[in-house]
Structure formats: C-alpha cells, structure tokens
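Notebook open, viewer open. I want to look up how the pieces of this fold sit against each other, and jot it down as I go.

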Amino acid sequence: MPAAGGRRTSGGLRAVAAAASVLAIIAVSWGGYRLFASPSCSNTVRLNVAAAREIVPAVQSAATQWLETKPQVNGNCVAVDVAAAEPADVAAAIAGQHKSMLAGVGQASGKTKVPDVWVPDSTVWLQRLRSSGPDWVPANAPSIGRSPLVLAMPQPLAGTLGWPNKKLTWPELLPKLTADTKLRTGIVDPSRDASGTNGLLALATAASAAGGTNGQAQTVAALRALATGRSALREELVARFPRATDAASLTSSLGAAPLSEQAVIAYNNSQPPVPLAAVFVEPSPLPLDYPYTVMPGVSPDQSSAARALQITLTGDSYRDKLAQQGLRAADGSAGNGFAATKGAPLTPSPAVNPPDPSILDRVLSTWSAVTLPGRMLAVIDVSGSMVESVPTAGGATREQVTVESAKRGVALFDDNWALGVWTFSTLMDGQNDYKELVPIGLLANQRQQTLQALSGIQPNRNGSTGLYDTVLAGYKNVQQGWDPSRVNSLLIMTDGENDDPGGGLNLDQLIAELQKTMDPNQPIQVIMMGIGTSVGESALKRITDTTGGGFFLVPDPSKIGEVFLKGIALRSGGK
C-alpha cells in the first residue's frame with residue numbers, strides 16, 4: 001500500500017469503475033429500482049442518516065458530492081440528511097420501539113428518533129440490540145471506517161513503559177493498571193460508550209486468562225481499578241489528562257484509559273501541554289468499526305438509495321475524507337493527511353469478528369455488579385428438591401451451585417453494597433416459610449457474616465416451596481428500608497412452583513397484595529431466577545410483570561452464575 005501521504009491515481013480510477021459496476025448490478029438485482037442522474041424527477045426519496053459524531057464530516061462530504069450528480073431512484077430525487085447522534089441514544093430509541101431497554105443505557109429520551117440509516121461507532125451496539133431482539137437491526141452492516149482501540153497515556157508516562165519501541169501486551173500491563181497506585185486509570189462508562197466496552201473486553205479477557213479463582217480476582221481488581229476513574233462522557237475523561245509537565249501533575253492526573261486512536265489524534269490536535277501516546281497493545285482489542293446499518297422498515301426506494309450512498313463511502317476519495325477526521329478506512333489503511341501517532345501501523349489489517357453476545361453480556365453485567373452499588377435482599381430456596389444433583393456441575397446439588405453463585409456475587413460487590421440473605425421453604429421460622437439469615441446492611445460491616453451465612457445453607461429435605469408468602473414478605477422487607485440513592489431489589493432463587501401444604505397465598509392473592517403494597521415513588525425490582533426444568537414460569541413472569549424487574553430461566557443449574565450477573569445488571573435500568 002502507498003504511504004499515508006501518497007496519491008493513488010490508478011486506485012481512484014479502479015474505485016470509480018468498481019462503483020459503476022456495483023451500480024449496474026444494483027439496477028438489475030433490485031428489480032427496476034434504478035439509480036441515475038437526471039434533470040427531472042417527480043418526488044423525493046429522503047434518507048435520514050444518524051452517525052457517530054466523529055465520522056459525520058466524512059459521510060456528509062461524500063453524500064454532498066454524490067447528491068451533486070442528481071441521483072434518482074425510480075424517477076424520484078434523493079435527499080440525504082446527515083446528523084450527529086450519540087450511539088447510546090439511538091440504541092435506546094431502537095430498544096424503546098420494541099418496548100424494551102438496554103442495561104446501562106436507560107430509556108429513550110424522546111428527542112432521538114430512529115433513523116433510516118444508522119452509523120454507530122461500533123458493531124457492539126448491534127450485538128447488544130440483537131441479543132435482545134434478533135430482528136431489531138439487520139444481520140449485515142458493513143464497516144465504513146475504522147479506529148483502532150489504544151491505551152491513551154501521557155507521553156512521558158508511556159515512555160517509562162518502553163513506548164513507542166516496545167510491544168506491550170495486556171497481561172503485562174494488567175498488574176500496572178490494577179495495582180500501581182501511582183498510575184491513575186480511567187474509562188468511559190462501558191455501558192454507554194463503545195471505546196469503554198471494547199477496552200473492558202480486552203482487560204477482562206486478559207484478567208480471566210489466569211483462570212479459576214485467581215482469574216476472577218484479577219477481573220474484579222481490573223474492573224474496580226477502572227471504575228474509580230470512570231466518566232460518563234468521553235469529553236469528561238480526556239479533560240482529566242495532565243495539563244502541565246511537572247511530576248506532580250503527571251502523577252495526580254489521569255494516566256491511562258482505553259480510547260480510540262481518533263480520540264487521541266483529536267486531543268493532540270488541540271496542542272495540549274502534555275500530548276497523549278496511542279499505545280497499541282497486543283492482542284489488539286476490537287476497533288471501532290462504524291457499521292453502515294440500513295434500518296428495518298425503510299421503504300424499497302429508501303433501501304435502494306441507502307445502498308447507493310454506501311457505495312460512495314468507499315474508495316480513495318472517501319478514505320482521504322476519513323483521514324482528515326483522524327479515522328482510517330474500513331480495512332485499517334490510512335488516507336492522505338492522516339495524522340499518524342508514533343508506533344501506529346498504517347497498512348491494511350484483517351477484519352475482526354464481533355464478540356460473542358453472551359461474552360459481551362457477561363462482561364457488561366460484571367461491570368454493573370462491580371460499579372453500581374445496590375440494595376438487595378437475596379432469598380434462596382432450600383426446599384427438598386434443591387438436593388437434586390446437577391450432572392453438568394460434577395454432581396453438585398442444586399443448592400450447592402446456587403449458593404456458590406451467590407458467594408461469587410458477594411465477591412464482586414464492593415463495600416458500598418447493601419445486602420441481606422434469607423432462605424425459604426415451609427415452616428422455616430415458626431409458621432413463616434422464610435428465615436432471615438442476615439438483615440439488609442452494608443457489606444462494609446457484614447461481609448464475613450454474609451459469607452458465613454451462605455456457607456452454612458443446607459436444604460430442608462422434607463420442606464415444600466412456600467414461594468408466594470415469601471415473595472410478599474421479602475418485598476415488604478425491602479420496602480421498609482427503601483433507599484432513594486440506590487436501586488432497591490428483591491432476588492428470589494427457586495427451582496420449583498409454589499407448594500405450601502399449610503395453605504398461604506395463591507397467585508391471584510399475591511398479585512392483589514403486591515398491587516396494594518407497591519408505591520410508585522418507591523419502586524422495587526423483583527428478580528425471579530428459575531432453576532431447573534420444574535419452574536412455574538408463567539407464575540414467576542406474572543409476578544415480575546406486576547412489580548417490575550425480570551424473570552430468568554436457568555434450565556441448566558450449572559449456568560446460574562452467568563444468569564445471576566444478568567439479573568444484577570437489571571439494576572442499571574433505573575431506580
């Protein structure tokens with residue numbers, strides 16, 4: 001490939017020819033939706049394009065040039081409106097269309113509309129939406145730009161690690177990022193920012209490579225280290241980098257954060273007192289890849305126009321437009337004028353597969369558990385059926401795998417968490433079907449007590465499942481100390497249906513009592529976790545539909561740890 005400043009005349013001609021060929025194919029394959037330049041037309045096909053802010057100038061410029069050729073679709077003129085939109089806001093609007101919500105993103109504001117074409121900064125947004133609804137976004141969304149994810153560091157600090165000559169790895173950097181008190185780390189909230197998400201994935205992968213208990217400990221340490229310096233917005237994060245070259249400023253300011261190469265270039269273009277180094281760490285994290293997403297529901301003419309516009313977002317001319325914004329082409333190569341940082345590769349790089357949605361969910365759920373302290377009452381089923389063995393867990397009982405997942409959860413929670421523990425079956429405490437082991441309180445004061453209580457849980461071999469009475473009692477208990485500064489929640493972990501030989505509430509009575517007890521000014525999320533294949537799924541869903549929260553079915557009890565994290569992540573949906 002030519003150098004970043006070289007001119008590619010022959011390449012430009014090839015790109016024009018390729019675009020013309022593709023247009024010819026489109027005219028045939030789309031059954032008459034022909035695009036052509038013509039001085040007259042009857043109506044206008046309008047495309048609303050919402051794109052990540054940094055790529056908007058390049059897309060707008062390419063679209064303007066294309067519109068100057070007066071393209072048409074089936075005799076209709078084409079108009080294109082390109083606007084900047086935060087990917088999190090558009091994702092919230094898409095989820096809102098389906099009466100849903102992405103964890104950590106929250107509800108749509110009402111100001112952001114779902115566009116005809118969406119260009120978020122990363123495919124991870126599409127992955128997160130697909131995990132909630134496979135048809136919410138299209139399966140095919142080709143990249144129209146790229147910005148590698150780097151570790152942004154003040155250049156003097158990066159130099160102490162061997163930058164730009166030494167190749168650095170995530171396993172090598174992990175101890176420095178988590179244990180070096182002189183290095184202040186930060187991250188943009190991974191729930192709302194793709195550079196944060198991709199950086200978190202890279203760090204979590206490196207931490208978990210240790211395996212077993214040590215792997216979890218390193219993962220928690222990495223997340224907590226990042227959490228202490230997290231910011232809601234990218235602008236807030238970069239403002240915390242040092243503004244002076246003296247040693248005191250360097251050590252008291254932000255020292256490292258995962259950011260896109262483009263963000264580093266933009267920062268350095270402002271000529272700060274201390275420029276940033278874009279440290280390329282191996283293995284390479286997922287880059288920002290700017291997927292061109294034609295949204296479901298557009299008209300055939302809009303779809304044709306959108307695909308034609310996509311063709312203009314290729315080739316040397318567009319590559320140069322990206323370069324002016326500090327962005328690379330989709331293949332990772334750099335156009336004319338690209339402000340390359342020291343040690344930055346400029347040659348094409350292979351395509352990167354998006355993360356598995358289940359891995360993405362797990363990492364973001366773990367982040368939520370670590371960084372968003374809540375107030376929760378965890379209620380664990382100890383009825384007789386919990387003694388059944390779980391073949392996929394080495395023969396451990398349902399009770400054992402459930403308790404183990406709860407203990408792992410406690411290890412994730414920091415001391416600001418408020419947690420209580422109950423067990424339930426039938427006749428556990430006099431006539432009550434439930435028994436308090438630890439009252440709701442700060443883990444700073446009762447972590448060891450909580451872990452000891454969990455370790456001592458044993459199934460009541462002859463006990464039934466007094467579920468409905470327990471749900472109501474647990475709800476009222478959480479309500480008594482409701483804390484406006486936290487998400488208040490009730491977690492029920494059960495493997496069966498309500499079965500109370502002594503009578504008690506039926507489902508209709510429970511729902512009626514909950515509706516009388518609920519206070520819209522003091523919401524409580526009820527998280528129902530059904531373990532195994534004998535769960536009263538419809539009843540548990542009806543409960544959570546009434547109270548708010550969510551139902552999670554775990555047919556294989558050995559997977560309860562992963563589902564536990566998803567349940568905890570519901571807390572980020574709002575108070």
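This is a predicted model: local features need pLDDT of at least 70, side-chain atom pairs count only at pLDDT 80 or more; totals for chains, interfaces and linings use all residues.

My entries on the sheet, the helices and the aromatic rings follow.

Entry 1: I looked up the strand order and got an open sheet of six strands, running β16-β15-β14-β17-β18-β19, with mixed pairing. Which strands stand at the edges? They are β16 (432-442) and β19 (549-554); each has a single partner strand, so one side of each is left without a neighbour in the sheet.

Entry 2: For Leu 490, I found Val 526 in β18 as the bridge partner.

**Entry 3: helices on the sheet.** Next I asked what lies across these strands. Helix α15 (residues 398-412) lies across β14 (375-381), β15 (418-429), β17 and β18. Its angle to β14 comes out at about 165 degrees. Helix α19 (residues 537-547) lies across β17, β18 and β19, and I noted about 160 degrees between α19 and β19.

**Entry 4: helix on helix.** How do α17 and α18 pack? I got an angle of about 10 degrees and axes 9 Å apart for α17 (residues 467-480) and α18 (residues 507-517). The cut-off for roughly parallel is under 35 degrees, and α17 and α18 therefore count as roughly parallel to each other. From α17 the contact takes in Tyr 468, Val 471, Leu 472, Tyr 475, Lys 476 and Gln 479. On the α18 side I listed Leu 507, Leu 510, Glu 513, Leu 514 and Thr 517. Sorting the residues of this contact gave me seven nonpolar, two polar and two charged.

**Entry 5: rings.** How many aromatic pairs does the structure hold? I count three, and wrote up two of them here. Phe 413 and Trp 417 have ring centres 3.8 Å apart and planes at 15 degrees, so I logged the pair as stacked. Both Phe 413 and Trp 417 are buried. Trp 422 and Tyr 434 have ring centres 5.1 Å apart, and with their planes at 15 degrees this pair is stacked too. Trp 422 lies in β15 and Tyr 434 in β16, so the pair ties together parts twelve residues apart in sequence.

Notes. Residues are numbered from 1 along each chain as its sequence is written. Side-chain values use heavy atoms; hydrogens and water are left out. Axes are lines fitted to C-alpha atoms, for helices over the stretch in contact, and angles run from 0 to 180 degrees between N-to-C directions. Helices (H or I, at least four residues) and strands (E, at least two) are DSSP runs, numbered from the N terminus. Angles under 35 degrees count as roughly parallel, over 145 as roughly antiparallel, 65 to 115 as roughly perpendicular and the rest as oblique. Contact means heavy atoms within 4.5 Å. Ala, Val, Leu, Ile, Met, Phe, Trp, Tyr, Cys and Pro count as nonpolar, Asp, Glu, Lys and Arg as charged, and the others, Gly among them, as polar. Two strands pair if DSSP finds at least two bridges between them. Rings of Phe, Tyr and Trp (its six-membered ring) pair if their centres lie within 6.5 Å; planes under 30 degrees apart count as stacked, over 60 as edge-to-face and the rest as tilted. Buried means under 20% relative accessible area, exposed over 50%, partly exposed in between (1.4 Å probe, protein chains only).
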